[in-house]
Amino acid sequence: MNTATVLIRAHAAAWALLLPHLFSWRVMCCVVLAVGALRMLSEISRRKTLICLVTRAPEGTVVVQGSGWGGPGMWVHVGNRPAQEPVGQEHP
């Protein structure tokens with residue numbers, strides 16, 4: 001571990017102890033609620049995109065959606081017959 005990493009971790013710990021004293025609990029609650037709302041909106045957007053892709057995709061299509069802020073990655077096979085997975089990508 002280098003010196004920069006140690007200093008960054010020490011400063012992060014100091015800020016974590018100092019933040020509750022700098023901001024009121026109302027501000028901290030607003031920040032937590034804002035982050036939660038952004039994650040929820042991100043997941044709603046991901047689901048709408050996935051539904052749009054799957055409803056318009058031809059049978060046998062594999063839709064791959066990577067993981068992100070909204071949630072985990074997923075693979076969706078469209079249609080009844082088994083589809084071929086894309087070359088070079090592993091199933092999550």
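E43 lies in helix α2 of a predicted model, in which local features need pLDDT of at least 70, side-chain atom pairs count only at pLDDT 80 or more, and totals for chains, interfaces and linings use all residues. Residues are numbered from 1 along each chain as its sequence is written, and side-chain values use heavy atoms, with hydrogens and water left out. E43 counts as buried because its relative accessibility is 17%; buried means under 20% relative accessible area, exposed over 50% and partly exposed in between, with a 1.4 Å probe and protein chains only.

The side chain of E43 takes part in salt bridges with R46 and R47. A salt bridge is a side-chain nitrogen of Lys or Arg within 4 Å of a carboxyl oxygen of Asp or Glu. The structure holds two salt bridges, and E43, R46 and R47 are linked in a network of them. Between E43 and R46, the closest N and O atoms are 3.4 Å apart. These two residues are three positions apart in α2, about one turn of the helix, and both E43 and R46 are buried. Between R47 and E43, the N to O distance is 2.8 Å. R47 and E43 are four residues apart in α2, again about one turn of the helix. The side chains of E43 and R47 are also joined by a polar contact of 2.8 Å, a polar contact being a pair of N or O atoms within 3.5 Å; within protein, one must be able to donate a hydrogen and the other to accept it, and residues adjacent in sequence count only if both atoms are side-chain atoms. R47 counts as exposed because its relative accessibility is 53%, whereas E43 is buried.

The protein has two helices and two strands, and from the N terminus on these run α-α-β-β. Helices (H or I, at least four residues) and strands (E, at least two) are DSSP runs, numbered from the N terminus. Helix α2 covers residues 25-56, has 32 residues and reaches 47 Å from its first C-alpha to its last, close to the 46 Å expected at 1.5 Å a residue. The expected span is 1.5 Å times one less than the number of residues in the helix.

Besides E43 and R46, L50 is buried in α2. The cover over the buried residues of this helix includes β1 (62-65) and β2 (74-77). W75 is found in strand β2 and is buried, with a relative accessible area of 12%. In sequence W75 and V62 are 13 residues apart, while their C-alpha atoms are 6.8 Å apart in space.

A nonpolar surface patch of about 690 Å² is made by W15, L18, L22, F23, V27, M28, V31 and V35. Patches are made of residues with over 30% relative accessible area and no salt bridge; like charges are joined within 9 Å, and nonpolar side chains (Val, Leu, Ile, Met, Phe, Trp, Tyr) within 5 Å. Helices α1 (3-22) and α2 each supply at least two residues of the nonpolar patch, and α2 gives the most, with four. W15 is placed in α1 and is partly exposed, at a relative accessible area of 47%.

Of the 92 residues of the protein, 13% count as buried. The accessible surface comes to about 7,600 Å², of which 66% belongs to carbon and sulfur atoms. Accessible areas come from the Shrake-Rupley method with a 1.4 Å probe; for residues, only the protein chains shown count as cover. Among contacts (heavy atoms within 4.5 Å) with a separation of 6 or more, residues 24 or more positions apart account for 28%.
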